[in-house]
Amino acid sequence: MAISRRGRRFALSLGLFVLAVPPVFAPARAGDAPTTLEALGERLFFDTNLSKNRSQSCAMCHSPDHGFADPRETAVGRAASLGDDGKTLGDRNAPTAAYARFAPPFGKGGDGRWRGGLFHDGRAADLEAQAGGPPLNRKEMGMRDEAEVVARLKENPDYVTAFRALFGDKTLDDAKAGYAAMTKALAAFERTDIFAPFDSKYDRFLRGEATLTEQEELGRVLFFSTQFTNCSECHRSQRDGTLEREVFTDHRFHNIGTPRNEALRRHNGTPRALRDKGLGDHPAFARDATVEGMIKTPTLRNVAVTGPYMHNGVFADLRTVILFYDKYNAKSAARRINPETGKPWAAPENPRNLSLRELEIGPALSDKRVDALVAFLRTLTDKRYERLLDASAAKAAAQ
């Protein structure tokens, strides 16, 4: 695709050119109308005018400088994103937009199990549907309806020019057509390689361009083992033995017994009886108890720099996540304690449909093996985010 000035600035931060510049996007100049679908999507992705108070853009919850996750601190850390009104928090952690283009459309896979879609409950069938959600969510960008968003688009002469050229002269005259065109442009930008460079240390290792440390190699062997950890049962998309361009998710839905995020729930005043239903919140599954509590498996790409973890941001440290999984197999008293709270692991927020077949496997992990798994997961960090690894580890240790 043709890369705009803003894209070129970001490309520099990817290491595609020899010049070194900060990984930020330069504001576009007035009169510089995008000429490609991807370039238009790029402009829209960073446009705060598409939110009620003109203060929120897609890039604020999906920062390109922070693994396309939300780095902003709130009253509950980074567990949930702050809305356009500057005070409202959602109930779930914003998933990374990196590598999202590889999610298959929502539906049943060949094994008869539900998979794919976007959001933690898969309610958006594809990237276009996902892009259309936040602007109209009152807890996010807060716009009233499609017509209000399209009216904002028409305020910008560059957009008017671009939409006419790319979608037809009358596109912005119809709210639904204009809104659909906007989501197509955003999705086109999110499908570019900027979001999925496949240049982590792990990718470089596969290409013979990097060498894993002894600890990282142990973690790699453990990760792909079906005898000791079973990690790859849920965190692997390719089942034919292919390792290249692996996105580390089966795109399916599982309930792993994640506890409530008490701090987030207290802040939001959520009634204690209310449980996150996961896939059960998908419009297709109203009152279907057989999918309740299941959450879409996230990609592990950039996982070491996109904490906190789980769909509700309940765990701050990646090592805690490994220990949480290990509690299903460990018998020692030490493994019954959440290191972040100093208390026993809390009960699952939603105890229905626990994926015990995937969780209860193999022996308990020694500290050496836990640390090795963390070391391997750190190798899944895109090259441009490797600078964040030490900062992320220090932050987690301080919490």
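This is a predicted model: local features need pLDDT of at least 70, side-chain atom pairs count only at pLDDT 80 or more; totals for chains, interfaces and linings use all residues.
**The nonpolar cores**

The largest nonpolar core has 66 residues, and the members that touch the most other members are Leu44, Phe45, Leu153, Phe163, Met182, Phe223 and Leu377. Several helices each supply at least two residues of this core, including helix 2 (37-45), helix 5 (146-154), helix 7 (175-190), helix 9 (214-224) and helix 14 (367-378). Apart from this core lies another one, made of seven residues, among them Leu118, Ala124, Leu127 and Ala187.

When residues up to four places away in sequence are not counted, Phe223 touches Thr229, Cys231, Ser232, His235, Phe248, Leu300, Leu373, Phe376 and Leu377.

**Helix 14**

Helix 14 consists of 12 residues and reaches 17 Å from its first C-alpha to its last, which is close to the 16 Å expected at 1.5 Å a residue.

**Aromatic pairs and charges over rings**

The structure holds 26 aromatic pairs. In one of them, the rings of Tyr202 and Phe205 have their centres 6.5 Å apart and their planes at 35 degrees, so this pair is tilted. Why are Tyr202 and Phe205 separated by about one helical turn? The two residues are three residues apart in helix 8, and therefore about one helical turn lies between them. In general, an α-helix has 3.6 residues a turn, so residues three or four places apart point the same way. Tyr202 is buried, with a relative accessible area of 0%, whereas Phe205, at 24% relative accessibility, counts as partly exposed.

Tyr202 also forms an aromatic pair with Phe376, and this pair is edge-to-face. It links distant parts of the chain, because Tyr202 belongs to helix 8 and Phe376 to helix 14, and the two are 174 residues apart. Phe376 is buried, with a relative accessible area of 0%. The values of the two pairs are set out below.

| Aromatic pair | Distance of centres | Angle of planes | Kind |
|---|---|---|---|
| Tyr202 and Phe205 | 6.5 Å | 35 degrees | tilted |
| Tyr202 and Phe376 | 5.6 Å | 90 degrees | edge-to-face |

Ring pairs link Tyr202, Phe205, Phe223, Phe224, Phe248 and Phe376 into a cluster.

Charged side chains also meet rings in this model: the charged end of Lys327 sits over the ring of Tyr328, 4.1 Å from its centre, and Arg369 lies over the face of Phe228, at 4.9 Å from the ring centre.

Arg144 and Ser51 are 93 residues apart in sequence, while their C-alpha atoms are 9.5 Å apart in space.

Ser63 is found in the loop between helix 3 (58-61) and strand 1 (107-108). With a relative accessible area of 9%, Ser63 is buried, because the limit for buried is under 20%. Leaving aside its neighbours within four places in sequence, Ser63 is in contact with Phe68, Ala69 and Pro71.

Note on methods. Residues are numbered from 1 along each chain as its sequence is written. Side-chain values use heavy atoms; hydrogens and water are left out. A nonpolar core is a set of buried Ala, Val, Leu, Ile, Met, Phe, Trp, Tyr and Cys residues joined through side-chain atoms within 4.5 Å. Buried means under 20% relative accessible area, exposed over 50%, partly exposed in between (1.4 Å probe, protein chains only). Helices (H or I, at least four residues) and strands (E, at least two) are DSSP runs, numbered from the N terminus. Contact means heavy atoms within 4.5 Å. The expected span of a helix is 1.5 Å times one less than its number of residues. Rings of Phe, Tyr and Trp (its six-membered ring) pair if their centres lie within 6.5 Å; planes under 30 degrees apart count as stacked, over 60 as edge-to-face and the rest as tilted. A charge sits over a ring if NZ of Lys or CZ of Arg is within 6 Å of the ring centre and within 35 degrees of the ring normal.
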